[in-house]
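Morning, everyone. I'd like to walk through the ring contacts in this one. Here it is.

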Amino acid sequence: MNEIESYIDQIDAKRKEAYIKLYEVIQEHLPSGFEPVLQYGMPTFVVPLNTYPKGYLNRTDEPLPFISIGVQKNHIALYHMGLYGMEELKEWFEREYAERVPTKLNMGKSCIRFTNTKTIPYDLIGELSEKVTVKEWINKYETGHRNSE
């Protein structure tokens, strides 16, 4: 059993099925080039070091994160770094969520919190996952990272 399978195996029964479906939707819809790893204690889709050897924050042993999915005490958390760094993407997602989902969006800077597993908009998350390629994410990361130095 690999690290991601071990993580999923430990999820409580009431969230496990929704978590697995969310993970699979993201994996199915992400453009090619992202890889699933366990990073920050949760499954994370990253730009692998062989694609972006500079690594995250110039740590050559830490791949550049893009989407992470974790289980917290009261919710499933989806961390999408593009929502934090790409204003047009964030605006699109907020607008689409409001139109398609009957519940209020519970979101921080890059974290979408799903407290009710019955209202997870899998189709919308699939579309969100498709919107940024590895190359676009690297370019956005480098532009934003240079601006913050």
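Aromatic pairs: the count comes to seven. The rule takes rings of Phe, Tyr and Trp (its six-membered ring) with centres within 6.5 Å; planes under 30 degrees apart are stacked, over 60 edge-to-face, the rest tilted. Phe 34 and Phe 66 are stacked, because their ring centres lie 4.7 Å apart with the planes at 15°. Phe 34 sits in the loop between helix 2 (13-29) and strand 1 (35-39), and Phe 66 in strand 3 (residues 64-71), so the pair ties together parts 32 residues apart in sequence. Helices (H or I, at least four residues) and strands (E, at least two) are DSSP runs, numbered from the N terminus.

This is a predicted model: local features need pLDDT of at least 70, side-chain atom pairs count only at pLDDT 80 or more, and totals for chains, interfaces and linings use all residues. Residues are numbered from 1 along each chain as its sequence is written, and side-chain values use heavy atoms, with hydrogens and water left out.

Buried or exposed? Phe 34 is buried at 10% relative accessible area. Phe 66 is buried too, at 0%. Buried means under 20%, exposed over 50%, partly exposed in between (1.4 Å probe, protein chains only).

Next, Tyr 56 and Tyr 141: a tilted pair, 6.0 Å centre to centre, 45° between planes. Tyr 56 is in the loop between strand 2 (42-47) and strand 3, Tyr 141 in helix 6 (residues 134-148), 85 residues apart. Both tyrosines, Tyr 56 and Tyr 141, are buried.

Finally, the cluster: Phe 34, Phe 66 and Trp 137 form one.
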